Amino acid sequence: MKPPPFSYHDPRTTADVVALLGSLDNAKLLAGGQSLMPMLNMRFVLPDHVIDLNRVDGLSYINEQNGAFEFGALEIGAMTRQRDIEFSDLVRERCPLMHEAIRQVGHRQTRNRGTLGGSLCHLDPAAELVSVAAALDAKVSVTGKNGARSIDFSAYPVAYMTPAIELDELVTGATFPCWPPGHGYAFVEFARRHGDFAIVSAATLIEEDNNGRVTRASVTLGGLGAAPVRASEVERALVGEMIEEKRLREICETLRKLDAVDDIHAPASYRQQLATVLPRRALLKAHQRIAGRTQS
Amino acid sequence: MSDTRNIAVTVNGTRYEETVPVRVTLADFLRHQLGLTGTHLGCEHGVCGACTILLDGRSARSCLMLAVQADGHDIMTVEGIAPNAGTLHPLQEAFRDNHGLQCGFCTPGILTTLIELLRDNPDPTEQEVRIGISGNLCRCTGYQNIVIAALDAAKRLRSEDGRQTTDDGKRAAPL
């Protein structure tokens, strides 16, 4: 099993990448290689050119941004390794949902190489970072020959594993708006083995008022459809509610009617069952985290 | 298309300057061009973990890298774990003493993975070891003796303290 023949390019700047993308036909960008390399080894993809991003300067960073967003945001470069996100104090403090999710991404060996941008571009519907981006209303930064632009994550997946980026564009990073200190969060997934892609995952965020009533909620289901779905009806239904198991069962039962894929890993009905269970568990966990903090 | 590149890599402390076809994986480069056949290839698509090496001190699957990407980097393979030809590393001793392998095919990847794990976390729990080797498939042992060996190795390394610090390659700079 060997990669097919290709020409190899290892540019040093984003501008050089854009120039190469504009001049080469059938080119593939190589980030951490944890998805593209298997596809090359199995010859599922046959690119004429591989453009390696690993020597491009300035695409690996985790920065705090306090300007445009009410509670600030984290800006993370496309070539930031998943391992660096996992061990970032900034991510753990400001974006604990991402910290919890990334520990369920693959294994140490793959997180050491795998990147944020690679995950967002591969856009596996069950990928944890993709769900986190959906849950946090991330904005994806892309650059092409017409300059830079930002894509709201709600408009980013256009089809199964197909991001809304043009052939001559590359993802340079993403901005993740933070939730206020003390919010509740939980990322819960069901996978057959540790490190596997989730069959279904639930990413949840909640804020509560002093009486314990939900004032804002974000509920995302990964692995269910062609891309992560925001359960907006459930998010609206949660506002004003106290988080307790019986009521959550009623609210989350409505998720069973969402469209689900049917494949070798699980039938659609199984995924729909998980879609009613995992958000409930995640919301309870998120609530307990708020409660735990108020008590201590 | 027969693109080639000249690369310079340090493997187990030895510097190599080689010419490689750009599409050759790091795993095949190590095995075929450098003759370091201790790195095993199971699945060649990033599932089994047998080909795990340390790249600048961090574990990585050498089947999921191109050799050309290793240019300028420091690599440690299973051949680099023992301090010399006549002495086993405490991790290897622990595997021998605890029957931590049967056929041995997965062992190189498990040892390199554990070198990183025990360096970062010298006193892991059983659960941490199991999660740490979750990216390595073993079809013989059922993992039990591997976990026992890893925990025993951690104990030996803690008591010997310092013997493992020089042989795990340079550590990548933190972000």
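**Exercise 1.** State the hand of the crossing in which H2(B) passes H5(B), and then describe how these two helices lie.

Solution. The model is predicted, so local features need pLDDT of at least 70 and side-chain atom pairs count only at pLDDT 80 or more, while totals for chains, interfaces and linings use all residues. Residues are numbered from 1 along each chain as its sequence is written, and chains are lettered from A and ligands numbered from 1 in the order in which they are written.

Next, locate the helices (DSSP runs of H or I with at least four residues, strands being E runs of at least two, numbered from the N terminus): in chain B, H2 covers residues 90–97 and H5 covers residues 144–160. Their axes (lines fitted to C-alpha atoms over the stretch in contact, with angles from 0 to 180 degrees between N-to-C directions) come within 8 Å and cross at roughly 140°. That angle makes H2(B) oblique to H5(B) (under 35 degrees is roughly parallel, over 145 roughly antiparallel, 65 to 115 roughly perpendicular, and the rest oblique).

Finally, list the contacts (C-beta atoms, placed from the backbone, within 7 Å): Pro90(B), Leu91(B), Ala94(B) and Phe95(B) of H2(B) meet residues of H5(B) that include Ala149(B), Asp152(B) and Arg156(B). The residues of this contact divide into seven nonpolar, no polar and three charged (nonpolar: Ala, Val, Leu, Ile, Met, Phe, Trp, Tyr, Cys and Pro; charged: Asp, Glu, Lys and Arg; polar: the others, Gly among them).

**Exercise 2.** Describe how H3(B) and H5(B) pack, and which residues make the contact.

Solution. Begin with the geometry: the axes of H3(B) and H5(B) are 11 Å apart, at an angle of about 45°, which makes H3(B) oblique to H5(B). H3(B) passes H5(B) in a right-handed crossing. Then name the residues: Ile110(B), Leu114(B) and Leu118(B) of H3(B) pair with a set in H5(B), among them Ile146(B), Ala150(B) and Leu157(B). The contact comprises eight nonpolar residues, with no polar and no charged ones.

**Exercise 3.** Work out which elements of chain B supply the side that touches chain A.

Solution. First count the residues: 26 of chain B are in contact with 26 of chain A. Then assign them to elements: strand S4 (58–61), helix H3 (107–120) and helix H4 (126–132) of chain B each supply at least two residues, and S4(B) gives the most, with four. Lastly, sort this side of chain B by kind, which gives nine nonpolar, ten polar and seven charged residues.

Methods
Left-handed = near helix turned anticlockwise from the far one by under 90°. Contact = placed C-beta atoms within 7 Å.
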